[in-house]
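Hi,

Here is the structure I promised to pass on. Have a look at it first, and my notes follow below.

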Amino acid sequence: MDADSRLMDAKSRARLEELKNPHVNKIIEHYTRLCRPAKVTILDDSKNSIDYARALALKNGEEKQLKTKGHTIHFDSYHDQGRDLVNTRVLLPKGLKLSKAVEVKERNEGLKEVFGLMEGIMEGKEMLVKFYCLGPENSKFSIAALQLTDSAYVVHSEDILYRQGHQEFKRLNGSKNFFHFVHSAGRIENGVCIDIDKRRVYIDLEEERVMTINNQYAGNSVGLKKLALRLAISKAHGEDWLCEHMFIMGVHPKGKDRVTYFTGAFPSACGKTSTAMIPGQTIVGDDIAYIRPAEDGIAKAVNVEQGIFGIIEDVNPIDDALIYKSLTTPREMIFSNVLTDGGIPYWLGMGKELPKKGINYSGEWHLGKKDGKDKEILPAHKNARYTIRISELENADENTENPEGVPVRGFIYGGRDSDTSVPVLQSLSWAHGVFIGAAIESETTAAAIGAVGVRKHNPMSNIEFLTVPLSVYIENHIRFGDDLDKPPLIFATNYFLKENGKFLNEKVDKKVWLMWMEGRVHGEFDAVETPIGFIPGYEDLKKLFREIFSKDYKKEDYVRQFSIKIKNLMEKLDRIEAIFRQEENIPDMFYHHLVQQRERLKEALEKHGKEVMSPLEFG
Ligand code: SPV
Ligand code: MN
């Protein structure tokens, strides 16, 4: 018997033997030797295994029970409240390059460093081994994934967020065709990890594995989320499909007997989940999609996940009725980094007064409490989240588990800008749409560690995760659509337009934009051609606002919201061009669209002499 099997009980050994996979055995052996856990537990897809991880998270203090049945709370360390952009590195052999925006590290050096830090990191702890499937089971879209971790919270989260995969591993027939993730929270005190300075997230494309240590925040620790996204992007681009940071939703226009599927990419905290959860529509997934060309010349997509790790801030009965209801009724779910008082969770913007004391991500909290830098600690973190299964939601789409995926008729790219883009527009063509997606800008939010409110360029909202050069990513996008008979229409949204510091739109207005996009797919609305793309006509929006909200949409509101801000748009083009000129081998097609867009804006400026043009002038 070898070292690691002595650390397992008979049940664990049997679960492993069933797979007959020497690669899995080798991986477990390697990391058991390196991390030296006191015990190794192999879990399968059974309810027993799922209950085991949940109970262990409660027993070891990573989670606490809340009052409502099935609800638990987990805290991350005070300094582990978002994705770590600095210590997350793609390991690359010398000489290979990625986009400038992605942190890389020479592979051998990175492996040596992280393996050094992993030595004995699980001493005295239990290593859990769990099998998952990224995408629906038994589907050509899907990828098997193996998780090793000493955090029961990570496994509990993954049991909610991903499909079980022990069966899927059996179907591998001993092959090496799977991703693997090794995580350790490192030393823990009061349920949170303490060696944050030694936090590392190293992505090894060559072995399709990620080693992530000294963290718990799910964006850093949960292998199957943003770590698998990085591995899958590299895989997809070698195989002519797309792996996107996108939701998938079914749009159901009232009175019409049809569903139209859309995917949408929005940088964190730009309205992605709340778009996918618009009342009256159905949700397939809210974060990551695998998209493939299908036989009939259209694109099809599956949700990589089966759950939602959503931002809880501003979820309230008015703006996000569906989610609010789900978060306040009994079901299995995990709250993270909210405030609790007497076993009840509270968060920012929930539409209720918050208690003046309680327990939050800083420990015992009271109003006015400050941190070591004299900064006032908010009652709940701005990136506080909830973890829930989509099947628990009343708006779950009927095709969530369809191994064939759903047909995608529209891509939506959403940014966050207060003074440049219109609320909704349609691209002039597929390639123009790729240009628009590649030019997304967004003011930064709390989902990643760093300054908040800085305008950042985030192509397809995927920049952090690009494990292929930006040029390859854009080129493959252009080709993907060109090869389809009926590529999805491409739209761009901006819910955050402001005038004199005030938002120009209500949060719920996004439903109108969505219905306009859906109608466009079916050729039901005309559009106004402007230098930046097609925008809705006033009469169509007026009709939609009346139908959906019984609201009178005023012409002056339309004019303010859909004005073409030529000067700001030209400045944006300059910013985008400056960024892309620093990248190598960007396809000519991209610059063609950039130059054309600038020419069209210039022409309009010369013709009308106005830096802000009313949309009515294009009608
Ligand atoms: C996001 O911020 O895009 C998320 C949450 O989906 S995280 O797991 O942090 O990536
Ligand atoms: Mn995301």
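The chain splits into domain 1 (2-60 + 84-236), domain 2 (310-391) and domain 3 (409-618), with bounds from an automatic or database domain assignment. Taken over C-alpha atoms, the centres of domain 2 and domain 3 are 32 Å apart.

Some housekeeping: this is a predicted model, where local features need pLDDT of at least 70 and side-chain atom pairs count only at pLDDT 80 or more, while totals for chains, interfaces and linings use all residues. Residues are numbered from 1 along each chain as its sequence is written, chains are lettered from A and ligands numbered from 1 in the order written, and side-chain values use heavy atoms, without hydrogens and water.

Now the metal. Lys226 (NZ), His245 (NE2) and Asp287 (OD) coordinate the manganese ion (ligand 2) at 2.1 to 2.3 Å; donors are N, O and S atoms within 2.8 Å of the metal (3.2 Å for Na, K and Ca), and the site may look incomplete because water is not among the atoms. Along the chain, the donors follow the spacing K-x18-H-x41-D. His245 lies in the loop between strands E14 (242-244) and E15 (247-251), and Asp287, 42 residues away, in the loop between E17 (282-285) and E18 (289-293). Strands (at least two residues) and helices (at least four) are DSSP runs, numbered from the N terminus. His245 is buried at 3% relative accessible area, and Asp287 is buried at 7%; buried means under 20%, with a 1.4 Å probe and protein chains only.

Finally, His237 sits in helix H9 (residues 223-239) and is buried too, at 10%. Beyond its neighbours within four places in sequence, His237 is in contact (heavy atoms within 4.5 Å) with Leu242, Val468, Val472, Tyr473 and Asn476.

Cheers

Note on methods
Buried < 20%, exposed > 50% of the residue type's maximum accessible area, 1.4 Å probe, protein only.
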